[in-house]
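Q: I would like to learn how to read a helical model, one feature at a time. Could you walk me through it?

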Amino acid sequence: MKSTPPISVKSYVGVFVALLLLTALTTAVAFVDLGGNLNVVAALAIAGGKAILVALYFMHLRHSSRLSWIFAGAGFFWLFILIVLTMSDALTRSGFSFAAQ
Amino acid sequence: MPTPMRKAKPVIRWGSPSMSETSTVIAHQFDDAEQQREASTLGMWVFLATEVMFFGGIFLGYILYRSEYSIAFAAASNRLDIWLGLINTAVLICSSFTMVLAVYNAAVARRRALQTNLLLTILLGCVFLSIKLYEYHMKFEENLVPGAAFAFPAPHAPAAEIFFSFYFAMTGMHAVHMIIGIGLLGGLLFRAGRGRYSPEYFTPVELVGLYWHFVDVVWIFLFPLLYLVGRHL
């Protein structure tokens, strides 16, 4: 029986501060022209980092069973397939615009 | 056929008033409290995986249309108030922090702190929804709501209307999840006041916490996609 919480308040505060700093960072970066698609890459990379922090510490995934990891990962794995396969099709067709249909 | 299972009823039934006094509340199909807790957590993660799929479809739609109409989407995105979006992101992160503190205090049997943090989470959720409502109001005023009254500078108008359709669908669906979450938190607050949770049994607090954090993660992606990435192409 587990009665002691797996993570201390101190680590929660650390994650909380990190999330706020990353939010400030992503907003600041949005005002700087990084050129090309780097702005999108930076914004999504920071969002991904924040999501991982929330999942690992706030959602206790770090101290959960490996089975929980598989369950949590499955959703994002299928999301990855959904987006990557669709976009690899949509972005590599020459002279075809789905929007023109 | 008679009911032979009647005798196999668990000693303590779910929702019985004696729940807080007992050290363990275990349904008959589980070996122990830890296994029961594990099963509940896994069930919640299965639900959250379906939620990832649910939001994933509309995210894919947004990404696809944005790649097609990148200039119009950037022009439309710049009509959103980046500062209100930033404040709301901070509000939601604060609410996730108070939520995690609520779970912690439930685990260490500090009932008053549990109630305070649940209440703070509800209030922060309401602040988020109020700011969102104000943003919606402004979009109505600026004729940026898709439909007959939609108005946008000439070359990008049709694609900008698609952007705002995505904006309202995505933030609206997110807001619906927030409202459901606030309702669940209200239920937790009520039951916490009646002493229903103990260090041995606080699974509902933990599971609503998972849901609340998930809704936070959805916004963590919505904020850059809708408000930020249109600043530069």
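A: Gladly, and let us start with a helix crossing. A crossing is left-handed if the near helix is turned anticlockwise from the far one by less than a right angle, and right-handed if clockwise. In this predicted model, α1(B) passes α6(B) in a right-handed crossing. Helices here are DSSP runs of H or I with at least four residues, strands are runs of E with at least two, and both are numbered from the N terminus.

Q: At what angle do α1 of chain B and α6(B) pack?
A: Axes are lines fitted to C-alpha atoms, for helices over the stretch in contact, and angles run from 0 to 180 degrees between N-to-C directions. Here α1 (residues 33–68) and α6 of chain B pack at about 20 degrees, and their axes are 10 Å apart. That makes the two helices, α1(B) and α6(B), roughly parallel (under 35 degrees; over 145 is roughly antiparallel, 65 to 115 roughly perpendicular, the rest oblique).

Q: Which residues of α1(B) and α6(B) meet?
A: Two residues are in contact if their C-beta atoms, placed from the backbone, lie within 7 Å. From α1(B) come residues including B:Met44, B:Leu48 and B:Phe55, and they meet a set in α6(B) that includes B:Leu207, B:Phe214 and B:Val218. By class, the residues of this contact between α1(B) and α6(B) are nine nonpolar, two polar and two charged. Nonpolar covers Ala, Val, Leu, Ile, Met, Phe, Trp, Tyr, Cys and Pro; charged covers Asp, Glu, Lys and Arg; the others, Gly among them, are polar.

Q: Is B:Pro224 buried or exposed?
A: A residue is buried if 20 or more other C-beta atoms lie within 10 Å of its own, exposed if 12 or fewer, and partly exposed in between, again with C-beta atoms placed from the backbone. B:Pro224 sits in helix α6 of chain B, and it counts as buried because it has 26 C-beta neighbours inside 10 Å. Leaving aside residues up to four places away in sequence, B:Pro224 touches A:Thr26, A:Ala43, A:Leu44, A:Ala47 and B:Val229. For chain B as a whole, 38% of the 233 residues are buried.

Q: What does α2(A) pack against?
A: Its buried residues, among them A:Val40, A:Ile46 and A:Phe58, pack against α1 and α3 of chain A together with α3 (82–107) and α6 (203–228) of chain B.

Q: Which conventions apply to the numbering and the prediction?
A: Residues are numbered from 1 along each chain as its sequence is written, with chains lettered from A and ligands numbered from 1 in the order in which they are written. In this predicted model local features need pLDDT of at least 70 and side-chain atom pairs count only at pLDDT 80 or more, while totals for chains, interfaces and linings use all residues.
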